[in-house]
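User: Can you walk me through the helix packing in this one? Keep it short.

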Amino acid sequence: PRSTLFPYTTLFRSDPRTVIRLGQARLARFLIARSRGAWREEHAAALVAAAKETLALWGEDGMDFAELAADIGHEADQALFLTRQVRDIDERIADLYAEADPQGIAASAPGVGPVISAVIAGRLGDPRRFTSLAAIRAYSGLVPKVSQSGVSKTESNITKAGDPLLREMLCAAADQARKVDPQIAAKYQRLMAGDRHHNSAICHLATLLLTRIAACMRNGEHYTLRDVDGTVITEAEGRAIIKDRYQLDPRHRDNFRHRQMRERRKQAAGQEPQESPGAPASRPASNKSTGRRVA
């Protein structure tokens with residue numbers, strides 16, 4: 001309804017005298033007909049009030065409202081044209097995704113919408129071409145770098161060796177999946193309880209989500225939401241469980257950010273150049289003569 005009304009409402013708002021002449025009753029009937037009942041008398045009253053405020057602000061001769069209406073109408077035409085283009089592209093994406101994943105397995109995962117499912121299916125391809133799920137995780141670039149020397153082993157940031165678009169979509173899906181899947185929400189809570197940064201926790205969840213989606217695609221099965229004890233649940237039940245058990249206190253993240261900021265300040269202060277403990281202290285020069293006066 002909003003896209004249908006867009007060119008008309010922008011025209012009304014650009015020329016307040018047209019709105020006032022039309023009247024609230026006729027404007028309400030027009031809005032109800034064009035929006036299929038979504039916009040009613042309250043919206044008409046708001047438009048009339050805005051028109052009167054505009055005239056009070058600019059006056060009758062303070063602005064050429066006809067020229068403004070023409071400019072806004074041109075912008076509205078461009079917006080509608082871009083909207084139609086986006087809709088056409090979405091339809092093409094849906095058709096291509098249906099060919100790549102006929103069973104809709106990727107789209108069955110929580111947090112995965114039409115665009116993200118198409119990216120996963122297109123960028124990942126046939127998951128059976130990988131030797132294992134670990135190879136799929138390595139392909140995504142979400143696994144940490146590992147440095148080994150003798151008996152020591154150090155893990156640092158993720159490798160980012162794979163497709164950046166795939167990683168971006170997986171992280172976006174994981175951020176939404178933690179609000180639906182109790183198992184993912186429980187892991188997010190554990191990670192954040194360990195004073196981990198939100199972005200780092202989301203990377204871990206994205207790796208977990210990718211592993212589950214790839215396993216479902218390899219087995220030809222849809223993603224199944226389960227509670228932490230393995231009970232099959234619906235999406236509504238999952239949201240209720242997360243709200244009841246795994247709701248994270250926003251103050252925890254704020255306190256963690258403040259601690260990180262204090263630690264960074266301490267590290268920055270510790271990196272300032274310091275004099276050696278044995279170095280002589282800097283004092284102003286003494287005016288007292290240390291030598292004998294020569295006659």
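Analyst: The axes of H9 and helix H11 (residues 235–245) come within 9 Å and cross at roughly 25°. Axes are lines fitted to C-alpha atoms, for helices over the stretch in contact, with angles from 0 to 180 degrees between N-to-C directions. That angle makes H9 roughly parallel to H11, a label for angles under 35 degrees; over 145 is roughly antiparallel, 65 to 115 roughly perpendicular, and the rest oblique.

User: What are the ground rules here?

Analyst: This is a predicted model: local features need pLDDT of at least 70, side-chain atom pairs count only at pLDDT 80 or more, and totals for chains, interfaces and linings use all residues. Residues are numbered from 1 along each chain as its sequence is written, and side-chain values use heavy atoms, leaving out hydrogens and water.

User: Which residues in H9 meet H11?

Analyst: Pro182, Ala185 and Gln189 in H9 meet Gly238, Ile241, Ile242 and Arg245 in H11. Contact means heavy atoms within 4.5 Å.

User: Which residues are buried in H9?

Analyst: Pro182, Ile184, Ala185, Ala186, Tyr188, Leu191 and Met192. Buried means under 20% relative accessible area, exposed over 50%, partly exposed in between (1.4 Å probe, protein chains only).

User: What caps the N-terminal end of H9?

Analyst: Asp181 does, with a side-chain oxygen 3.0 Å from the backbone nitrogen of Gln183. Just after H9, Asp195 takes a positive phi of about 60°.

User: Switching topic. How do H7 and H10 cross?

Analyst: The axes of H7 (residues 133–140) and H10 (residues 198–219) come within 10 Å and cross at roughly 130°. That makes H7 oblique to H10.

User: Which residues of H7 meet H10?

Analyst: Leu133, Ile136, Arg137 and Ser140 in H7. Their partners in H10 are Thr207, Leu210, Thr211, Ala214, Ala215 and Arg218.

User: And the whole chain: how many helices and strands?

Analyst: The protein chain has 12 helices and 2 strands. Helices (H or I, at least four residues) and strands (E, at least two) are DSSP runs, numbered from the N terminus. Of its 295 residues, 29% count as buried.

Technical notes
A polar contact is a pair of N or O atoms within 3.5 Å; within protein, one must be able to donate a hydrogen and the other to accept it, and residues adjacent in sequence count only if both atoms are side-chain atoms.
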